[in-house]
Amino acid sequence: MKAKSIAICAVMSALWVALNVSVAPIIFSLTNMPFACDFIHAIMVFTTSYASMEFGIATLSAIIVLIVTLFQRGFASGIYFLGFVLGALLIDFLLSLVLKFKGLSGFKRAFIIVEGLSIVFTAFSGFIIGLIMAFLQPALGVRNPLVIQMGGWIFTSYWTGMHTIGGIISGPAVFLVLKAIEKAGVRPHGG
């Protein structure tokens with residue numbers, strides 16, 4: 001690992017932890033919708049991956065946030081974050097493929113790729129989180145009224161859909177952040 005990538009991982013992990021344990025729970029408790037979480041997590045994953053230019057740095061950052069989340073919330077309540085770790089791994093892989101081949105050159109093309117990857121990230125993460133909330137957390141004693149009301153598979157489908165909407169909403173913001181990173185010279189133009 002390059003020193004630059006380690007520094008990016010450390011800074012982004014600290015920021016991500018701060019947002020995950022402070023802002024995200026407040027907004028979620030007010031809305032009961034995952035959109036703010038998707039927004040925060042998508043920006044953190046894409047920014048970390050794009051700025052470091054090294055496969056695995058966003059995943060490592062997500063693992064650090066998972067560990068802190070588990071300590072902060074306890075295993076049964078914090079294990080949902082595993083969905084974002086697996087989503088980060090998927091984005092690390094997909095974004096590295098995009099950057100290896102054609103990059104993010106061209107405004108329209110870059111926007112479509114980032115929007116698509118944002119949707120893939122949040123839908124995949126939401127599916128994993130839905131499975132955890134519907135099947136693992138109840139076995140660990142965590143009761144979610146929606147899971148009880150809907151049943152496991154219907155809840156998982158619903159939660160995947162909610163996170164997919166979060167990805168649609170998050171995509172434009174992620175795109176603007178990546179363009180800002182590019183403009184700041186952290187990444188070469190076009191990836």
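**Asn 144**

I began with Asn 144 in this predicted model, and I found the residue in the loop that runs between α6 (107-139) and α7 (145-150). I then looked up its accessibility: the relative value is 18%, and because buried means under 20%, Asn 144 counts as buried.

Next I asked which backbone atom a polar atom of the Asn 144 side chain lies 2.8 Å from. For contacts beyond the local stretch, I set aside the neighbours within four places in sequence, and what remained in contact with Asn 144 was Met 133 and Phe 155.

**The fold around Asn 144**

I went on to the secondary structure and recorded eight helices and zero strands for the protein, so that its radius of gyration of 16 Å, close to the 16 Å given by the globule rule for 191 residues, makes the protein as compact as a globular protein of that length. Along the principal axes, I read off a span of about 50 × 30 × 25 Å for the C-alpha trace.

I also looked at how the chain packs in sequence terms: of the contacts between residues at least 6 apart in sequence, 76% join residues at least 24 apart. Of the 191 residues, 48% count as buried.

**Surface and charge**

Last, I looked up the charged side chains, finding 11 positive and 5 negative ones, with the centres of the two sets 4 Å apart.

Conventions: Residues are numbered from 1 along each chain as its sequence is written. This is a predicted model: local features need pLDDT of at least 70, side-chain atom pairs count only at pLDDT 80 or more; totals for chains, interfaces and linings use all residues. Side-chain values use heavy atoms; hydrogens and water are left out. Helices (H or I, at least four residues) and strands (E, at least two) are DSSP runs, numbered from the N terminus. Buried means under 20% relative accessible area, exposed over 50%, partly exposed in between (1.4 Å probe, protein chains only). A polar contact is a pair of N or O atoms within 3.5 Å; within protein, one must be able to donate a hydrogen and the other to accept it, and residues adjacent in sequence count only if both atoms are side-chain atoms. Contact means heavy atoms within 4.5 Å. The radius of gyration is taken over C-alpha atoms; the globule rule is 2.2 Å times the number of residues to the power 0.38. Lys and Arg count as positive and Asp and Glu as negative; His and the chain ends are not counted. The place of a charge is taken as NZ of Lys, CZ of Arg, CG of Asp or CD of Glu.
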